[in-house]
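Here is my note on the model, point by point. Please read it with the structure open.

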Amino acid sequence: MAHKISNVINQGDGTIVYPGTSTKVFTDSAFYGKCGKSAATGTIKSNGCAICALATYVLYKGNLSDTNSNVYNAVKQTTENATNNAADVTYNDFSVKIGSKTISVSMEKTSDMAAAANDGEICFVRLKSGSNSHYVLLDGMDSTAEGFDRYLVADPDGGKLRTLQDVFDRRGIPAKASNITEKYILG
């Protein structure tokens, strides 16, 4: 099986700007405040992997291209509707409206992300070791590979399609099942 997702939002993308301006969204320290998140700090680039992973799913589910407007609205509304005041994911179902489309996203906790991926589901996955944390979308399996290389993920760090082993290595998180701390089937 191959990746289901082809366009991954890159949390470090310097080309996404607020509509009608040249101000870069993902490096703007005021972005979270503009989304009503008064207890949030940092930027999308520095700590927006969960938001960008979920926003990537929004674009995928809505069959929307990754234009500036669509990416901006997906990230903004995911921040507004899927996070708490500190811009941390709440793991609750949420919706976004982009153009004339309302895209609803459900989140169902799972203990078996491999089975979900093999059934064609996409999973929102948190990798964590100590204070090192990162979110990706598991969007496929490679039955010819072994270990964590068989898990195909859409990674907002660079906006790339990778294997889960690649993400563990890239993020400096030991590749152990115990470091996969959250797994949700998206629908």
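1. Rings of Phe, Tyr and Trp (its six-membered ring) count as a pair if their centres lie within 6.5 Å; planes under 30 degrees apart are stacked, over 60 edge-to-face, and the rest tilted. By that rule, Tyr-91, Phe-124, Tyr-135 and Tyr-184 form one aromatic cluster.

2. Ground rules. This is a predicted model, with local features needing pLDDT of at least 70 and side-chain atom pairs counting only at pLDDT 80 or more, while totals for chains, interfaces and linings use all residues. Residues are numbered from 1 along each chain as its sequence is written, and side-chain values use heavy atoms, with hydrogens and water left out.

3. The sheet. Helices (H or I, at least four residues) and strands (E, at least two) are DSSP runs, numbered from the N terminus. Two strands pair if DSSP finds at least two bridges between them. Six strands make an open sheet: 6 strands in the order E3-E8-E4-E5-E6-E7, with antiparallel pairing. Strand E3 (107-109) and strand E7 (160-163) are the edges; each has a single partner strand, so one side of each is left without a neighbour in the sheet. From one strand to the next, the twist averages 35°. Axes here are lines fitted to C-alpha atoms, for helices over the stretch in contact, and angles run from 0 to 180 degrees between N-to-C directions.

4. Strand E4. What does E4 pair with over 6 bridges? The partner is E8 (residues 180-186), in the antiparallel sense, with E4 spanning residues 122-129. Ile-122 has Leu-186 in E8 as its bridge partner. E4 also pairs with E5, again antiparallel, over 7 bridges. Here Arg-126 stands opposite Tyr-135 in E5. E4 and E5 form a hairpin with 2 residues between them, and Gly-130 in the turn has a positive phi of about 65°. Buried means under 20% relative accessible area, exposed over 50%, and partly exposed in between (1.4 Å probe, protein chains only). On that scale 6 of the 8 residues of E4 are buried.

5. Contact means heavy atoms within 4.5 Å. Helix H3 (residues 49-61) lies across E3, E4, E5 (132-141) and E8, and runs at about 25° to E5. Helix H6 (residues 164-171) also packs on the sheet, touching E4, E5, E6 (151-155), E7 and E8. The direction of H6 makes about 100° with that of E7.

6. Helix H3 in detail. H3 has 13 residues and reaches 18 Å from first C-alpha to last, close to the expected 18 Å. The expected span is 1.5 Å times one less than the number of residues. How many residues of H3 are buried? The count is 11 of 13. Among them are Cys-49, Ile-51, Leu-54, Tyr-57 and Leu-59.

7. Positive phi. Just after H3, Asn-63 takes a positive phi of about 55°. Asn-63 sits in the loop between H3 and H4 and, at 69% relative accessibility, counts as exposed. Tyr-91 has a positive phi of about 65°, although it is not a glycine. Tyr-91 is buried, with a relative accessible area of 19%.

8. Aromatic pairs. The structure holds 8 of them. The rings of Tyr-91 and Tyr-184 have centres 4.7 Å apart and planes at 15°, so the pair is stacked. The two lie 93 residues apart: Tyr-91 in the loop between helix H4 (68-82) and strand E1 (94-98), Tyr-184 in strand E8. Phe-148 and Phe-168 are edge-to-face, with 5.1 Å centre to centre and 70° between the planes. Phe-148 is in the loop between E5 and E6, and Phe-168 is in helix H6, 20 residues apart. Phe-148 and Phe-168 are buried.

9. Arg-162. Leaving aside neighbours within four places in sequence, its contacts include His-3, Tyr-151, Val-167 and Arg-170. The C-alpha atoms of Arg-162 and Leu-152 are separated by 6.0 Å, 10 residues apart along the chain.

10. Polar contacts of Arg-162. A polar contact is a pair of N or O atoms within 3.5 Å; within protein, one must be able to donate a hydrogen and the other to accept it, and residues adjacent in sequence count only if both atoms are side-chain atoms. One of 2.8 Å joins the side chains of Arg-162 and Asp-155. The backbone oxygen of Asp-157 lies 2.6 Å from a polar atom of the Arg-162 side chain.
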